[in-house]
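Colleague: I'd like to go through the labels in this model with you. Please give me the cut-off behind each one as we go.

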Amino acid sequence: MKYSLFAVLSALTTSSFTTAQEDDGLIRMKVMKRSNHEMVAQHLERENKALLMALDAKNNPADITLVASSASLRGAASFEEQLAVAQGKSESVTIKDYSNAQYYGVLEVGSPPQEFTVIFDTGSSNLWVPQINCKNCGYWFMNGGKHKFDHSKSTTYVADGTDFHIQYGSGDVKGSFSVDDVTLAQDIVIKGQKFAEVSDAGGLGMGYTLGKFDGIMGLGFEGLSLGNAETVFKNAMDQGMVNEGKFAFALGDNKEGELTFGGVDKSKFKGEITWVKLEEPKYWQITLDNVSAGSYSSGKTNGIVDSGTSLITGPSLEIQKIAASVGAQANLLGQYTIDCSKLSTLPKLDFTINGKAWSVPGKDLVIQSGGTCLFAMMGMDIPTGPKWILGDVFMRKFYTVFDYENAQVGFAEPTY
């Protein structure tokens with residue numbers, strides 16, 4: 001079966017699927033958006049734990065193990081490592097993890113299909129879901145627990161057995177590869193998809209345990225993929241499920257949004273799409289002419305467009321400069337909070353790309369809940385990777401197109 005276009009809706013809803021709208025050529029699947037309240041509450045919980053650890057470290061410094069080696073982009077550093085960064089004792093520990101992810105969708109694996117909630121992540125390339133008897137894969141009393149794959153119940157399952165192993169900052173995520181059908185939007189079936197069944201997700205820490213997602217569907221390139229596994233989207237292209245090798249995000253800010261595979265939804269943007277060639281078809285990494293906010297200016301640099309990150313991240317020293325200029329205060333996790341009364345005075349953040357400035361208004365650089373305002377920028381140093389990560393805070397402001405076939409990213413002014 002071949003479709004010119006299929007789309008995924010991002011909405012504040014618990015419903016898994018919707019039917020196609022009449023005559024619009026789209027097949028839609030609803031996904032969930034985590035609320036600002038949940039993000040801020042989890043941030044405060046992590047901050048409290050880090051503070052308690054810092055007090056313990058002060059009293060018992062020998063109990064803290066300091067780590068100075070780098071982790072992958074998807075590294076989820078432990079609180080010990082985060083504390084080392086905050087105290088200036090570790091130079092290159094990656095502290096990014098999936099605890100900041102906001103957008104989730106539903107896909108199905110196997111025949112008959114088994115349903116999973118996943119993060120659609122342009123910053124990675126593998127598909128993985130937890131298997132039955134998975135260790136450190138959530139608890140039933142936290143968000144109802146995780147959905148777990150039982151390959152014994154799938155008639156299309158094929159064993160692979162190759163080890164799947166990701167080293168995160170706080171530990172390992174382990175499992176093995178399998179092959180089975182993957183279904184999107186109920187009836188778009190990708191045959192023979194290689195994916196990982198995770199047997200131990202301890203490396204993702206509490207960000208996974210508390211998160212409302214079961215697994216990850218990577219939307220990066222094969223160069224990032226473990227086990228030489230083709231991505232779900234590449235297989236959809238190869239199997240003729242889409243007419244164009246493009247997918248696009250129209251992320252809603254507390255309202256419906258859309259992830260479209262196989263083309264673009266012309267109703268979601270106005271004017272022309274500005275195309276930017278990738279520096280390398282691995283991450284969705286582009287050259288940035290400049291990053292500026294108020295008196296701050298970065299000069300020429302680079303960054304990746306990453307749907308799996310909610311915040312905007314940049315080199316720690318650069319983020320410190322921006323945060324200091326707006327009065328944001330750092331905590332032990334390397335994140336910043338700001339006085340909610342200052343929101344109206346925050347300067348816009350400009351990313352100059354191909355000579356054009358793409359602006360995020362100052363008020364949109366804050367995630368607010370109650371009396372807490374979390375500054376939506378965070379320092380992260382990746383020695384051999386991109387300097388900046390343009391996450392959902394950026395992507396919410398623009399219709400963002402990922403052109404797999406031509407290795408380019410496009411931005412357009414939204415109509416929503």
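Modeller: Let's start with strands: two of them pair if DSSP finds at least two bridges between them. Strands (E, at least two residues) and helices (H or I, at least four) are DSSP runs, numbered from the N terminus. This is a predicted model, where local features need pLDDT of at least 70 and side-chain atom pairs count only at pLDDT 80 or more, while totals for chains, interfaces and linings use all residues. Residues are numbered from 1 along each chain as its sequence is written, and side-chain values use heavy atoms, with hydrogens and water left out.

Colleague: How do you know that β18 and β26 pair?

Modeller: DSSP has to find at least two bridges, and strand β18 (residues 312-314) and strand β26 (residues 388-390) have 2, in the antiparallel sense. So they count as paired. Ile 312 has Leu 390 in β26 as its bridge partner.

Colleague: What makes β13 and β25 edge strands?

Modeller: Their sheet is open and mixed, with 6 strands in the order β13-β14-β17-β26-β18-β25. β13 (280-281) and β25 (377-379) each have a single partner strand, so one side of each has no neighbour in the sheet. Helix α5 (residues 316-326) lies across β18, β25 and β26, at about 140 degrees to β25. That angle is between N-to-C directions, on a scale from 0 to 180 degrees, with axes fitted to C-alpha atoms, for helices over the stretch in contact (heavy atoms within 4.5 Å).

Colleague: Why are Cys 340 and Cys 373 called a disulfide?

Modeller: The cut-off is a pair of cysteine sulfur atoms within 2.5 Å, and theirs are 2.1 Å apart. So the pair qualifies. Cys 340 sits in the loop between β20 (336-337) and β21, and Cys 373 in strand β24 (residues 372-375), so the bond ties together parts 33 residues apart in sequence.

Colleague: What makes that disulfide right-handed?

Modeller: The torsion about the S-S bond is about 120 degrees, so the disulfide of Cys 340 and Cys 373 is right-handed. The whole structure has 2 disulfides; Cys 134 to Cys 137 is one of them, with 1.7 Å from S to S.

Colleague: Why is Cys 373 called buried?

Modeller: Buried means under 20% relative accessible area, exposed over 50%, and partly exposed in between (1.4 Å probe, protein chains only). Cys 373 comes out at 1%, so it counts as buried. Cys 134 and Cys 137 are both buried too.

Colleague: How do you know that Phe 116 and Phe 149 are tilted?

Modeller: Rings of Phe, Tyr and Trp (its six-membered ring) pair if their centres lie within 6.5 Å; planes under 30 degrees apart are stacked, over 60 edge-to-face, and the rest tilted. Phe 116 and Phe 149 are 6.3 Å centre to centre with 55 degrees between the planes, so they belong with the rest. Phe 116 is buried at 1%, and Phe 149 is buried at 1%.

Colleague: And what makes Phe 233 and Tyr 404 edge-to-face?

Modeller: Their centres are 6.1 Å apart and their planes at 70 degrees, so that pair is edge-to-face. Phe 233 is in helix α4 (residues 232-238) and Tyr 404 in the loop between β27 (399-403) and β28 (408-414), 171 residues apart. Phe 233, at 2% relative accessibility, counts as buried, and so does Tyr 404 at 11%. Both belong to one aromatic cluster, which also includes Phe 221, Phe 247 and Trp 284.
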